[in-house]
Amino acid sequence: MNTLQNVNKYYKTDEESLHVLNNIDLQIEKGEFVAVMGPSGSGKSTLINLIGFIDRKFEGTYLFEGESLINSSDDKLSKIRNQSVGFVFQNFSLIENNTVYENVELPLLYNGFGFGKTRKKVLSVLEKVGIRDKAKKHPKQLSGGQQQRVAIARALVNSPKFIIADEPTGALDTGTSTEIMELFQELNRTEGVTIILVTHNPEMIQYCSRLISIRDGQIIEDKELNT
Amino acid sequence: MKFYVTWRTSLRAIMKNRKRSILTMIGIVIGIASVITIMALGRGFQKQTIKSLTATDSDEVSVTVDFTPDDSNLLTSNAVIFQETDLQQIETIEGVKSAEYVKEDIDSAYKDVLIRGKKESKQIDFVSSTNKNPTIGRDLTQEDQDIHNKVVIIDSDTAKNLFGSSKNALNRAFELDGQLFTIVGIYPAAKLASIFSLSESNVYMPRTTYEDYFKEKQATSSVTVTIENGYTPNKVTSKVVKRLQSKGTMRNAGKYQVLDLSLLTDGVGRILSTLTYFISAIAGISLFIAGVGVMNMMYISVSERTHEIGIRRAMGATERSIKLQFLLEGVTLTLIGGVIGYILGIALASLVGHFLKIPISVDFFTIALAGGVSTAIGLIFSVMPASSAAKKDLIDILR
């Protein structure tokens, strides 16, 4: 589904040029639960921003469903972000002064839905992540784990092709982290959602089906996991 | 994202920042309110002035043609200046409905009265009924009117000057232009409220009596020409003047001229509207300042909500929809301000108009002005903040 061929990326400053991604070749198939692991500064966040169509400045080829989108317009990329990708961030990234319902509704609105037609979808996806009763609350009234569930619901609501989760448990305690990871695993197994997870916590890889280790911008290990 | 959905999103953002939105709006409200107040009052005053200048009983356009003789003695002589033949001449011109002598219809006059050997000018009203309630003697009656009675009532001041006291004046003779009238009543003299108030008349006389003894012969030095509907007054009057210059009875003794009232009212109207626009333009400066306030608020809003913009972009918002959202936010804000300002302005104008006795004029122009100006301010001053919001690099703001 996502194919990266010979991808390089540099951060250029005045004095030096930092080689963040070095000859990345990667193929991600539908239904996989991929863990991207590596220490801080290894380039893993850069890699998934690139996969999630947030970062367009790189060298090499990135094919999404066989199509290169590097020269696509902002409208086209926005549409793909909206319909094909779901984002879950470490800091949850919810809009603070909107309610849980409004936050989850947002991708649907950008997908052309009117206000009247979102209710069923929003509530069913909130049900799926187990916080249907919190729909009218604001993010600040929820615990970290609940906020991350809202973010996952928001990532799911447009039925995306894959979900990108950038250290989704980074700000959570161990118990909540386990709950969130189990939720991801369940979504992957029962719904067949493709998930690309970035983490530097080795405990998290037990939930995944594939591990990609990255260090200094290079893939040093790529293996299937038996779970 | 649908336009309506974007607009609702903007509206929600305004509502959620209520305090700041209201503070931003105050500038717009004050600006629009002051412009609308001045416009409504100014236009009302203009209309009122023009109306009072062109007061006629009918819708027909009529112009007055005057004759100015080279020798001014001609006017004081008994010579008939416009003769019947002249009137007939005028009436044959196409577009003229009728031509007749200017009707003299006066209600009062100043005439000299001899008081202790000195002439003093007194105002005399010719009335068909009075309601002066004299303290001594009686009021004028209908009978006085019917029999053209040679009687007058005078005020106490005049009575005192003439005969020493009000009592002495009753049933004495009052001389006016060689005619003697009996004083049948004396009423208390009115105190002048201010130098601008209309002076009260000193003497009242039955109208019918006045017509018997004083009415002069019809003035023949000017003619009222009534113009038929559908004809341009200017063209017809110039034809009339041309015809008179070539065929009028007095063409060799002077000039025929038209007193054009419309020129006068046009001029006055133009001065008043220029004045109104000028003052409005000064008030408009406050609108500009309000616009800068909107821009400031939008910039703050954009930088404060950078993270929100990033989230929206990641969720699939295009650059265009982000831009539209912030533009609509600015426009909605100023439009609400404009509506409030308009209502406030009209209320203020009605209040001021009520005290100054000026009718306020609410027309489509002022409504369109309020709406248009506030929308324009919202648009112009939100474009730059909205573009800067849309242009933010997604990778930078998601960190």
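This is a predicted model: local features need pLDDT of at least 70, side-chain atom pairs count only at pLDDT 80 or more; totals for chains, interfaces and linings use all residues.
**Entry 1: chain A overall**

I began with chain A and counted 6 helices and 10 strands. Of its 227 residues, 44% count as buried. I then looked at contacts in chain A between residues at least 6 apart in sequence, and 68% of them join residues at least 24 apart.

**Entry 2: sheets in chain A**

Next I traced the strands. In chain A, 4 strands form an open sheet with antiparallel pairing, in the order S2-S1-S4-S5. Its edge strands are S2 (17-28) and S5 (67-68), each of which pairs on one side only. I followed S5(A) to its partner: S4 (residues 59-64) of chain A pairs with S5(A) over 2 bridges in the antiparallel sense. Within that pair, Leu63(A) has Ser68(A) as its bridge partner.

I also looked up S9 (residues 210-215) of chain A. It runs parallel to strand S3 (residues 33-37) of chain A, and 4 bridges join the two. Leu211(A) stands opposite Lys223(A) of S10(A). The two strands S9(A) and S10(A) make a hairpin with 2 residues between them, and Asp216(A) in the turn has a positive phi of about 50 degrees.

**Entry 3: helix H3 of chain A**

Why did I note H3 (residues 100-110) of chain A as largely enclosed by the rest of the structure? The reason is that 9 of its 11 residues are buried. Among them are Val100(A), Leu106(A), Leu109(A) and Tyr110(A), and the list also takes in Asn103(A) and Glu105(A). I checked what does the covering: it includes H2, H4 (119-128) and H5 (144-156) of chain A, together with H1 of chain B. Just after this helix, Gly112(A) takes a positive phi of about 95 degrees.

**Entry 4: where the chains meet**

I turned to the contact between the chains, which takes 21 residues from chain A and 16 residues from chain B. On the chain B side, helices H1 (3-16), H11 (306-314) and H14 (394-397) each supply at least two residues. By class, I found 9 nonpolar, 5 charged and 2 polar residues on that side.

Just past H11(B), I noted a positive phi of about 115 degrees at Gly316(B).

**Entry 5: nonpolar cores**

The largest nonpolar core has 111 residues, and those with the most contacts inside it are Val36(A), Leu197(A), Ile32(B) and Ile36(B). Helix H2 (residues 18-53) of chain B gives the largest share of this core, 11 residues. Apart from this core lies another one of 20 residues, including Phe126(B), Phe174(B), Phe181(B) and Ile183(B).

I took a closer look at Ile32(B). Not counting residues up to four places away in sequence, Ile32(B) touches Leu287(B), Tyr342(B), Ala370(B), Val373(B) and several others, among them Gly337(B), Gly338(B), Gly341(B) and Gly345(B).

**Entry 6: helix H9 of chain B**

I finished on H9 (residues 233-247) of chain B. At 1.5 Å a residue, its 15 residues should span 21 Å, and the end C-alpha atoms are 21 Å apart, which agrees. Which residues of H9(B) are buried? They are Val236(B), Thr237(B), Val240(B) and Leu244(B).

For Gln245(B) I counted 11 other C-beta atoms within 10 Å, and 12 or fewer counts as exposed. Leaving aside neighbours within four places in sequence, Gln245(B) is in contact with Arg251(B) and Tyr256(B). The C-alpha atoms of Gln245(B) and Gln257(B) are separated by 9.5 Å, and the two residues are 12 apart along the chain.

Conventions: Residues are numbered from 1 along each chain as its sequence is written. Chains are lettered from A and ligands numbered from 1 in the order in which they are written. The expected span of a helix is 1.5 Å times one less than its number of residues. A nonpolar core is a set of buried Ala, Val, Leu, Ile, Met, Phe, Trp, Tyr and Cys residues joined through C-beta atoms within 7 Å. Two residues are in contact if their C-beta atoms, placed from the backbone, lie within 7 Å. Ala, Val, Leu, Ile, Met, Phe, Trp, Tyr, Cys and Pro count as nonpolar, Asp, Glu, Lys and Arg as charged, and the others, Gly among them, as polar. Two strands pair if DSSP finds at least two bridges between them.
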